[in-house]
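Please read them with the structure open.

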Amino acid sequence: MKKSKVFAFFIFSLLILSHAYSSEALRTFTGNVKAIDPKGTAIVVSEMIGKSEMVVGVIITPETVVEIKGKKGDLKDIKVGDRVTLIYERTKDLYAKKIIKK
């Protein structure tokens, strides 16, 4: 278990570094919500890819759109364990443009 957490952290760190040195582009990631910042400023989503867990954490801004079942929603409508799709901007940091829960 400890190895998988270290590996997930390693992968997440690589993702952050690769995002920091690449051009701006929108990316999409679908997975299960692992954590939501109580202040509503960040969300962490993970998905098993083969035997490895990929983890994406994004920053939520006032411009982030939340969509629940095709309608405008609120971050309060999303809970840990929910399956969501993140559409995020790939810049120095990862900023959520849209969070979709079907």
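1. This is a predicted model, and the notes start from one residue. L86 is found in strand β6, which covers residues 83–90. L86 counts as buried because its relative accessibility is 0%, and the cut-off for buried is under 20%.

2. The surroundings of L86 come from several parts of the sequence. Leaving aside neighbours within four places in sequence, L86 is in contact with R27, T28, F29, I43, V45, V56, V58, K98 and I99. One of these, V56, is 30 residues away in sequence, with a C-alpha to C-alpha distance of 8.9 Å from L86.

3. On pairing, β6 has two partners to look at. With β1 it pairs in the antiparallel sense over eight bridges, and G31 stands opposite V84 in β6. With β7, β6 also pairs in the antiparallel sense, over seven bridges; here R90 stands opposite L94 in β7. β6 and β7 form a hairpin, with three residues between the two strands.

4. The largest nonpolar core has 17 residues, and those touching the most other members are I43, V58, I78, L86 and I99. At least two residues of this core come from each of β1, β2, β3 (52–59), β4 (65–68), β6 and β7 (94–101).

5. I99 deserves a separate look. Not counting residues up to four places away in sequence, I99 touches I43, I60, T64, V65, V66, E67, L75, I78, V84, T85 and L86. I43, I78 and L86 in that list are also among the core residues that touch the most other members.

6. For contrast, is K39 buried or exposed? K39 lies in the loop between β1 (25–36) and β2 (42–49). K39 is exposed, because its relative accessible area is 73% and exposed means over 50%. The C-alpha atoms of K39 and I60 are separated by 10.0 Å, the two residues being 21 apart along the chain.

7. Turning to the chain as a whole, its secondary structure comes to one helix and seven strands, in the order α-β-β-β-β-β-β-β from the N terminus. Of its 102 residues, 30% count as buried. The accessible surface is about 6,900 Å², and carbon and sulfur atoms account for 60% of that. Among contacts between residues at least 6 apart in sequence, 56% join residues at least 24 apart.

Terms used:
Residues numbered from 1 in each chain as written. Predicted model: local features only at pLDDT ≥ 70, side-chain atom pairs only at ≥ 80, totals over all residues. Heavy atoms only, no water. Helix = DSSP H or I, 4+ residues; strand = E, 2+ residues; numbered from the N terminus. Buried < 20%, exposed > 50% of the residue type's maximum accessible area, 1.4 Å probe, protein only. Contact = heavy atoms within 4.5 Å. Areas by Shrake-Rupley, 256 points an atom, 1.4 Å probe, with all protein chains shown as cover. Core = buried A, V, L, I, M, F, W, Y, C linked by side-chain atoms within 4.5 Å. Pairing = 2+ DSSP bridges.
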